[in-house]
Amino acid sequence: MLAINAVRRAPAVLRSAAPLSTWSAVPAGPPDPILGITEAFKADKDSRKINLGVGAYRDENGKPYVLNAVKKAEEKMASAKLDKEYLPITGLANFTQHAAKLAYGAESAPLTQKAIAVTQSISGTGALRIGGAFMARHYPGAKIIYLPNPTWGNHIPLFKDSGLEVRQYRYFDKKTVGLDFAGLKEDSRFASDSQIQIPAPPHSQWKELSDLIAEKKLFPFFDMAYQALLLDRRHVALCQSFAKNMGLYGERRGREKRVDSQLKIIVRPMYSNPPLHGAHIASTILSDPELYKEWEGEVKGMADRIINMRESFTGLNTEQCKALAEKAHIYMTMDGRISMAGLNGGNVEYFAQAPQDGFEYKGRERATC
């Protein structure tokens with residue numbers, strides 16, 4: 001009898017919850033500025049379509065490229081019969097040690113003095129998020145970070161969610177389609193005792209910028225997805241990713257004991273501990289002299305192909321970028337930033353000609369593509 005009564009009462013409970021969904025008031029969010037472009041690209045059926053929105057390397061035929069060094073590393077890992085245990089909170093020690101060595105140099109003062117706190121993260125985005133949270137909690141100066149304008153689409157929400165106030169400095173000069181170094185220096189002078197996020201500058205300009213950073217007591221925060229940076233002995237935060245230079249896009253990875261302990265406190269409730277497989281791949285390559293040499297050669301080949309296709313900022317505005325997508329099936333971020341790896345010998349002429357054929361430029365010279 002009790003069982004029957006329970007069954008009869010159950011529909012009444014369900015009916016009372018039915019008229020209004022718990023999530024009915026949740027608004028639809030806008031498409032991601034980068035990944036949303038890939039979704040639009042995939043939906044496009046035109047054979048001429050080009051995706052220049054996502055920073056992932058492609059070969060001369062426009063196909064994803066798996067490095068031979070990565071294939072060999074995975075073969076080596078399979079024969080070693082590695083376990084699948086949880087990693088520590090700060091990741092695979094052999095990986096973080098070799099990553100720091102690659103970034104700073106084996107004989108660098110911070111490394112030899114053991115003055116570097118290292119943690120493995122979930123690729124570059126995870127490293128930035130951890131770094132931003134650490135700065136928001138522990139940086140003794142202003143909780144403000146200055147970002148380049150324009151910047152990567154995820155930088156602003158990422159650092160805001162970390163608890164930092166976001167401001168910007170001039171970085172791109174539309175007239176020259178190059179670095180606005182004078183504007184960068186001028187804006188940096190107003191950023192006293194704050195943090196400044198810096199894409200890797202040309203080596204010829206780093207000394208001057210480094211002196212300005214010291215003068216204004218700025219704390220440099222580097223986002224290094226590409227290994228090409230000259231560091232001096234100043235204190236820095238460095239977020240390093242192997243997604244680009246090892247092609248490990250789907251294998252997400254990313255001590256001074258007091259800093260190390262605080263990094264663990266940030267990571268633990270965020271994702272507890274990082275993934276294992278990608279860290280093993282990177283660690284295997286970095287610790288094996290033969291694989292390391294082969295990897296360096298492959299990275300140089302990738303870099304040379306991209307250099308042959310340069311520039312990466314087109315100078316196009318939002319209206320022009322939308323027109324290229326709609327009329328020429330060419331997809332890029334709305335600030336005109338493109339991934340050069342998406343171009344190859346088979347589509348570069350079409351890309352260069354498309355702005356002239358697709359629409360008229362309004363009030364400005366044609367961009368250099």
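**Entry 1: two helices**

I began with helix 3 (residues 68-80) and helix 11 (residues 277-287), whose axes come within 9 Å and cross at roughly 105°. Angles of 65 to 115 degrees count as roughly perpendicular, so I recorded helix 3 as roughly perpendicular to helix 11. I noted that the model is a predicted one.

I then looked up which residues make this contact. Helix 3 contributes Ala69, Val70, Ala73, Glu74, Lys76 and Met77. From helix 11 come His277, His280, Ile281, Thr284 and Ile285.

Next I traced an open sheet of five strands, which run in the order 3-2-6-7-8 with parallel pairing. I asked which strands stand at the edges. They are strand 3 (165-170) and strand 8 (237-240). Each has a single partner strand, so one side of each lacks a neighbour in the sheet. From one strand to the next, I noted an average twist of 25°.

I followed one pairing in detail. Strand 2 (residues 144-149) pairs with strand 3 in the parallel sense, over six bridges. Within this pairing, I found that Ile144 has Glu165 of strand 3 as its bridge partner.

**Entry 2: helices on the sheet**

Helix 4 (residues 93-104) touches strand 7 (219-224) and strand 8, and its direction makes about 110° with that of strand 8. Helix 6 (residues 123-138) also packs on the sheet, where it touches strand 6 (195-198), strand 7 and strand 8. I recorded about 165° between the direction of helix 6 and that of strand 7.

Terms used
Residues are numbered from 1 along each chain as its sequence is written. This is a predicted model: local features need pLDDT of at least 70, side-chain atom pairs count only at pLDDT 80 or more; totals for chains, interfaces and linings use all residues. Side-chain values use heavy atoms; hydrogens and water are left out. Axes are lines fitted to C-alpha atoms, for helices over the stretch in contact, and angles run from 0 to 180 degrees between N-to-C directions. Helices (H or I, at least four residues) and strands (E, at least two) are DSSP runs, numbered from the N terminus. Angles under 35 degrees count as roughly parallel, over 145 as roughly antiparallel, 65 to 115 as roughly perpendicular and the rest as oblique. Contact means heavy atoms within 4.5 Å. Two strands pair if DSSP finds at least two bridges between them.
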